[in-house]
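Hi,

Here is the structure I promised you. Have a look first, and my notes follow below.

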Amino acid sequence: MNRTYDVVIAGGGVIGASCAYHLSRRQDLRIALIDAKRPGNATRASAGGLWAIGESVGLGCGVIFFRMMSARRRQAHGAAVAAAASAPHILPPAFFEFALQSNALYPPLHRELIERHGMDFKFERTGLKYVIYDAEDRLYAEHIVSRIPHLADQLRWLDREALREAEPAVSHEAQGALEFLCDHQVSPFRLADAYTEAARQNGVDLFFNTNVTGVLHQGGRVSGVRTAEQGTFHCATLINAAGAWAAELSEQATGIRLPVKPVKGQILLTERMPKLLEGCLTTSDCYMAQKDNGEILIGSTTEDKGFDVSTTFPEVAGLVQGAMRCVPQLKEINLKRCWAGLRPGSPDELPILGPMAGVGGYLNACGHFRTGILTSAITGVMLERLVHQEPLPLDLTPFLADRFEAGLLKGVG
Ligand SMILES: Cc1cc2nc3c(=O)[nH]c(=O)nc-3n(C[C@H](O)[C@H](O)[C@H](O)COP(=O)(O)OP(=O)(O)OC[C@H]3O[C@@H](n4cnc5c(N)ncnc54)[C@H](O)[C@@H]3O)c2cc1C
């Protein structure tokens, strides 16, 4: 069958769904959202943290990554570099701006999706506390504070007593915490479902269990896609929101393989329990987020294992030990499930957005690594403006694919 659209979005995770929703708001375009439901979809693996500052300074999902890097550095250079190893892994200012603008969109978006579309993605104002056990953690927290003076009003130090009062379940071993006041949480599954259902209500055609297998070209432009299950789709613009699989699609569309790689994350879920955590917690071992239904998500590893989505004892054990150290009561709670997802990693940890030189009819919306839930809202806004050729809320330059050296962008033609 032949279908014709203004925009085809390939990939129906949180990024594709947000693009579909934001593009459908004006109801002036014919849009198709196509998703293959590949194992490892990152959105359904996620913790749902909106940790704009926390993630920008290497906490939350990035914490295990930081630990791994710092252990490697210590191994390579010895204890003399302990102070350097405690330097936070801070992302560039363009990312902070991107993350903070996205974060600010959630309260109105939450109201809008409930009021207009009856979809509640469970936005909760929780804050994020970095729990400090020892001198190294404190040094790391002090480094963070010194590097972001412009965000001082969003930070709060909690001493031992203040932490005990704010989070009674946290271990007495903890010396205090650094809290990020504007970092909150959502349900990631419900967020993707809310965008998707609202897009459907606005007239977007959804094609699930549908694999984009090839890209059509005409006159030097992308002009459509081939699918295994639904035939051919013609379009004026193709959006690549294929998550960890974006390199494969970019190669088909542009002849250039984007440097997007799967980065595996394992995560655990407890059974439901009465409120144990007042806010989200991150330590140097793991993070924890209690959801509105009482379940606690404990995450997450950062592994370079290709498209493998197995769950493994040493990694799960590391998360469990880290969680029990922080919240001893968890020893009495049952684990319900563990799983793994594939983050769409990019070499500099920034998403890849917008056009590619010399290829019309094609836009990137990929490479969101460990913050795609947080940054889905601003990504949807940016792609909506790009398609309508309207001014953007942020400078696109740091996010364009051509920021990578030629060696990273491998041409195949
Ligand atoms: C354990 C873990 C915890 C995380 N925690 C957080 C967090 O707390 N906060 C946060 O902001 N982020 C978090 N992330 C990161 C976040 O989940 C991702 O950045 C985000 O989900 C990426 O969304 P996406 O839509 O790009 O990719 P995905 O959700 O993976 O969706 C891509 C979709 O494209 C489809 N697809 C691919 N190729 C094709 C094709 N050829 N044809 C059709 N469909 C195709 C796939 O089937 C898939 O469904 C976490 C990730 C993991 C793994």
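Let's start with the helix pair: the axes of helix 1 and helix 11 (residues 376–388) come within 8 Å and cross at roughly 50°. Axes here are lines fitted to C-alpha atoms, for helices over the stretch in contact, with angles from 0 to 180 degrees between N-to-C directions. Helices (H or I, at least four residues) and strands (E, at least two) are DSSP runs, numbered from the N terminus. That angle makes helix 1 oblique to helix 11 (under 35 degrees is roughly parallel, over 145 roughly antiparallel, 65 to 115 roughly perpendicular, the rest oblique). On the helix 1 side, the contact includes Val14, Ile15 and Tyr21, and on the helix 11 side Ala377, Val381 and Leu383 (contact: C-beta atoms, placed from the backbone, within 7 Å).

One caveat is that this is a predicted model: local features need pLDDT of at least 70, side-chain atom pairs count only at 80 or more, and totals for chains, interfaces and linings use all residues. Residues are numbered from 1 along each chain as its sequence is written. The protein averages a pLDDT (the predictor's confidence in each residue, from 0 to 100) of 93, and 92% of the residues score at least 70.

Cheers

Notes
Contact = placed C-beta atoms within 7 Å.
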